[in-house]
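User: I'm new to this structure and would like to learn how to read it. Could you take me through a few features, one at a time?

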Amino acid sequence: MQCRLGTFISACWECEARCGPGIDASQPNRAKRLRSYTEGYERTRLVTYCDKYLLPKFCSSMRKPRKLTTSYKEAAEAYEKAKDHDNHIRMLLEHLGQPEAAMRVAQQNHSLTGAKMVARFLLKLGDYSTAIHFLAMSQCGEEAFQLAQKHGQMETYAEIIGPNATAEELQSIALHFEEENKHHLAGKFFLRSGKYAKALKHFLSHHTGEDHSSLDLAIETISLAKDEVLKSQLIDYLMGETDGIPKDAHYLFRLYMALDQHEEAARTAIIITREEQAQGNYRSAHDMLFSMYQTLGAQRAPAEMAANLLLLHSYVLVKVHIKIGNHLKGAHLLMRVAKNISKFPMHVVPILTSTVIECHRARLHMSAFSYASMLMRPEYRNKIDAKYTKRIEAVVRRPNSYELEENNSPCPFCNHSVPTNELFCPACKNNIPYCIASGQHMVRDNWSVCPHCNFPACYSEFTSLLETESTCPMCSQALIPEDIHLIADPTAYLQAIGTHD
């Protein structure tokens with residue numbers, strides 16, 4: 001370092017000698033000052049002196065631009081070594097035309113003066129967003145705000161000041177957007193500043209059928225405000241009391257969840273899925289109910305919600321098992337659905353028809369006769385698909401009393417023998433968890449769970465199903481058989497879900 005400094009000092013003396021008048025008797029103070037800097041190695045003051053007095057005179061005398069650039073580059077390097085960041089930045093901006101390097105030096109060294117110089121330079125170039133950034137960095141907040149306001153860069157300004165913004169700064173930004181009728185942005189910054197009533201007003205003014213982001217923030221506003229008046233305003237809006245247009249009920253569910261009002265959330269979830277079921281959108285209803293069930297958690301989800309998810313999941317499994325030729329499982333799943341046929345109003349006849357056909361294939365002849373007789377009722381008979389009419393009439397006219405006996409398996413709670421498709425144990429009075437792969441009740445020595453949704457499945461049934469399917473039938477996440485592991489002791493799981501109804 002001392003060697004380089006000595007070389008630089010020598011060059012400076014040479015410059016002074018060439019440029020004359022330099023260090024002579026007519027300028028004793030300057031010569032004395034330079035000598036003291038040299039001897040004491042006061043680098044910053046030395047290079048400042050050289051930059052100010054020697055380099056311009058030497059380079060102008062030589063009349064060669066290349067030499068000028070080279071000299072300024074050497075001066076910039078000297079400032080950098082001396083850690084004189086402000087002068088380093090000045091050289092990069094004013095003489096070397098390197099704004100990117102100047103910005104980097106200002107940011108790395110947190111130079112307020114340097115940041116202000118960079119901002120002024122960028123303003124001349126018309127780069128307002130970056131200029132705002134460096135004005136904010138140099139603690140010229142008011143000037144940065146005014147520049148952002150003048151050139152439509154308020155969002156940039158807001159992003160720059162970020163989480164360190166004061167409530168007053170956030171309110172100023174919100175008022176700016178309010179004046180421009182930018183409701184979403186105004187609401188966003190009123191929310192951040194704690195002005196919840198104003199925030200909610202703007203979010204509800206901005207919401208459209210295509211843009212739901214404002215409703216998301218409206219829910220966040222109510223969860224933070226803990227204000228009953230504001231909550232009522234949002235509920236009225238969601239229910240359509242304000243404008244006559246009921247909004248997607250999912251938002252009401254999310255509002256109740258945000259407020260930890262789980263009973264109201266559960267009731268809303270049931271209403272939502274009931275409407276989907278009534279329209280015949282069973283897979284959609286299944287996925288909605290599953291998502292809400294997961295959000296609530298098994299402990300908070302009411303029995304009606306769990307029962308409805310079971311029915312919808314049984315319906316979803318029917319197609320899976322019929323496709324792979326497992327008609328016995330398909331028949332038992334269809335009978336579970338058919339016993340609750342009123343919850344599938346759009347497809348009563350097709351479901352009952354499928355139940356008759358699958359029961360007949362699975363040698364459950366008495367069950368086939370029972371559901372075929374239902375189809376012969378006047379309200380259903382004329383709606384039967386013509387290609388199945390004769391087969392169903394034959395089942396009714398020539399009833400067969402044979403019914404394949406259902407297998408039993410032990411209850412995982414008390415080990416009492418229970419029919420495989422029965423989900424209630426008469427001995428211990430527990431509802432038994434069902435296998436998401438087969439719809440049958442779980443058994444203790446064949447336990448596994450989906451690694452994504454944590455719903456239980458009989459290990460043998462789940463791995464077998466994944467030989468032909470590539471996703472979990474409950475959560476639809478991708479799976480392969482190797483993802484499933486046998487759980488040796490499911491006691492902890494049973495203790496978490498085992499409740500007496």
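Predicted model: local features only at pLDDT ≥ 70, side-chain atom pairs only at ≥ 80, totals over all residues.

User: What span should α18 have, going by its number of residues?

Analyst: You work from 1.5 Å a residue: α18 covers residues 282-296, so its 15 residues should span 21 Å. Its end C-alpha atoms are 21 Å apart, which agrees.

User: Now pockets. How does anyone find empty space in a model?

Analyst: You roll a probe the size of a water molecule over the atoms, and that shows where empty space is left. In this chain, the largest pocket has a volume of about 1200 Å³. Its lining counts 35 residues, and L310, N431, I432, P433 and Y434 are the ones nearest its centre. Elements giving two or more residues to that lining are α18, α19, α20 (327-338) and α26 (491-497). The largest share, five residues, comes from α19.

User: Can we try another helix? Which residues of α24 are buried?

Analyst: In α24 the buried ones are I392, E393 and V395. They cover an arc of only 155 degrees around the axis, so they sit on the same side of α24. On the face turned away from that buried side you'll find the exposed residues K387, K390 and R397.

User: What do the buried residues of α24 pack against?

Analyst: Their partners are α21 (348-361), α22 (365-375) and α23 (378-381). As for length, α24 runs over residues 386-397, and its 12 residues reach 17 Å from first C-alpha to last, close to the expected 16 Å.

User: Stepping back, how many helices and strands does the chain have?

Analyst: There are 26 helices and four strands. Of the 501 residues in the chain, 46% are buried. The chain exposes about 26000 Å², with carbon and sulfur atoms supplying 50% of that area. Finally, take the contacts with a separation of 6 or more: residues 24 or more positions apart account for 47% of them.

Key: Residues numbered from 1 in each chain as written. Heavy atoms only, no water. Expected span 1.5 Å × (residues − 1). Buried < 20%, exposed > 50% of the residue type's maximum accessible area, 1.4 Å probe, protein only. Arc of directions from axis to C-beta. Contact = heavy atoms within 4.5 Å. Areas by Shrake-Rupley, 256 points an atom, 1.4 Å probe, with all protein chains shown as cover. 1 Å grid on protein atoms, 1.4 Å probe; cavity = no way out; pocket = protein on both sides within 12 Å on 5 of 7 lines; lining within 4 Å. Points joined across faces, edges and corners; volume = space filled by probe spheres on them.
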